[in-house]
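Welcome! Please take a moment to look over the sequence and the 3D view, and then try each exercise before reading its worked solution.

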Amino acid sequence: MSVPIKATMEKVPGGMMLIPLLIGALLATFAPDSAKFFGSFTGALFTGGTTILAVFYVCMGASIDIKATPYILKKGGVLFGSKVLFAVIIGVVAGRFLGELPIDGGLLTGLSVLAILAALNDTNGGMYMALMGQYGKPKDVAAYSVMTLESGPFLTMVTLGVAGLSAFPWQALVGAIIPLLLGVLLGTLDPAMRKFLSSAAPVLIPFFALALGFGLNLGQVLNAGLLGVALGLFVLIVGGAVLFFADKLTGGSGIAGLAAATTAGNAATVPMLVAAANPAYLPAAGPATVLVAASVVVTAIGCPLVVAWYAKRLKNKEAAASPEVSAAV
């Protein structure tokens, strides 16, 4: 007898990240001493998130092809640059009002600059490639190889520094990107290593998600509520509008921009990694993780709907224009 565990998890948007995250949070809430009680490998599985993430970023880096064609560099560079620039502007504005700490009262309880930037700074690559494979061109799919540079806490750390909040020592910034660069080097030197390492990245996702969930309390999850939904809608609508016009301005149809308006599942790990590098962000890290996780779900559900609607609209416009072209000829 076989149980379709993987297929069932994949039916949930971001399921490979979110379901283990929830299991870890349940353990942390109702059996918080289980890691100490079992110790050994079981304890390491519950608490070794940073180590697993380091391996994940090596594997992700190996998937980046620095020999990409000019079109891929242009398309990926525009989307990557627009997303980073937008996050910097939002970070600078929000940093003037919020500082490093989260809001501690009212409807916006738990919201922080860290949560906003972590949600904006990392694109759901699987979602982007699937949508562009269906509605775009094959070379648009390859543009994600440039956007994989978003992965990890490095950009969020840099953006927080640019926003005028607590900066990070240079060792922390360099340390945040070395695993990714190591993967790029290995994948560039040896295509066999690229294939080997890049195929391992998806396997690691549920494991670091479980460890990440073990650092959460479900009470925080309940508190996220509508605020998490609002953060996801902000990424999808406001961030999507910026990426849409950036794509249009560089000759695209706008579909690639809309398809990049998501939050990656592994973005939920960024707040904890940032707090590990600079304890000033520790009070914001827990609530931010929950808010970013909510944004992952909201954008994973909303983005395909928006892209499908816009692609259908484009197709109808082209169909309506065709008779006129034929008549003119």
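## Exercise 1: Aromatic rings

Phe244, Phe245, Trp309 and Tyr310 are joined into a cluster by ring pairs. Rings of Phe, Tyr and Trp (its six-membered ring) pair if their centres lie within 6.5 Å; planes under 30 degrees apart count as stacked, over 60 as edge-to-face and the rest as tilted. Before going on, note that this is a predicted model, in which local features need pLDDT of at least 70 and side-chain atom pairs count only at pLDDT 80 or more, while totals for chains, interfaces and linings use all residues. Residues are numbered from 1 along each chain as its sequence is written, and side-chain values use heavy atoms, with hydrogens and water left out.

**Task.** Find how many aromatic pairs the whole structure has, and classify the pair Phe37 and Phe38 and the pair Phe46 and Phe214.

**Solution.** 

Step 1. A search of the whole structure gives six aromatic pairs.

Step 2. For Phe37 and Phe38, the ring centres are 5.1 Å apart and the planes stand at 90°, so this pair is edge-to-face. Phe37 is exposed, at 67% relative accessible area, and Phe38 is exposed too, at 53%. Here buried means under 20% relative accessible area, exposed over 50%, and partly exposed in between (1.4 Å probe, protein chains only).

Step 3. For Phe46 and Phe214, the centres are 5.2 Å apart and the planes are at 25°, so the pair is stacked. This pair links distant parts of the chain, 168 residues apart: Phe46 is in helix α4 (residues 40–47), and Phe214 is in the loop between α14 (201–213) and α15. Helices (H or I, at least four residues) and strands (E, at least two) are DSSP runs, numbered from the N terminus. Both Phe46 and Phe214 are buried.

## Exercise 2: A cavity and its lining

**Task.** Which residues line the largest cavity, and which element gives the most to the lining?

**Solution.** 

Step 1. Start with the idea of a cavity: on a 1 Å grid over the protein atoms alone, it is a set of points where a 1.4 Å probe fits but cannot get out, and lining residues have an atom within 4 Å of a point. Grid points are joined across faces, edges and corners, and a volume is the space filled by probe spheres set on the points.

Step 2. The structure holds one cavity of 30 Å³ or more, and the volume of the largest cavity is about 50 Å³.

Step 3. Its lining is made up of Ser82, Lys83, Phe86, Leu120, Val235, Gly239, Gly240, Val242, Leu243 and Ala261. Helices α6 (70–98) and α15 each give two or more residues, and α15 gives the most, with five.

Step 4. Sorted by kind, the lining has six nonpolar residues, three polar and one charged. Ala, Val, Leu, Ile, Met, Phe, Trp, Tyr, Cys and Pro count as nonpolar, Asp, Glu, Lys and Arg as charged, and the others, Gly among them, as polar.

## Exercise 3: Two residues and their contacts

**Task.** Which residues are in contact with Val238, and which with Ser295?

**Solution.** 

Step 1. Val238 belongs to helix α15 (residues 218–249) and, at 34% relative accessibility, counts as partly exposed.

Step 2. Contact means heavy atoms within 4.5 Å. Leaving aside neighbours within four places in sequence, Val238 is in contact with Phe86 and Leu233.

Step 3. Ser295, in helix α18 (residues 282–328), is buried at 0% relative accessible area. Not counting residues up to four places away in sequence, Ser295 touches Ala119, Gly228, Leu231, Gly232, Val235 and Thr263.

Key
On a 1 Å grid over the protein atoms alone, a cavity is a set of points where a 1.4 Å probe fits but cannot get out, and a pocket is an open set with protein on both sides within 12 Å along at least five of seven lines; lining residues have an atom within 4 Å of a point.
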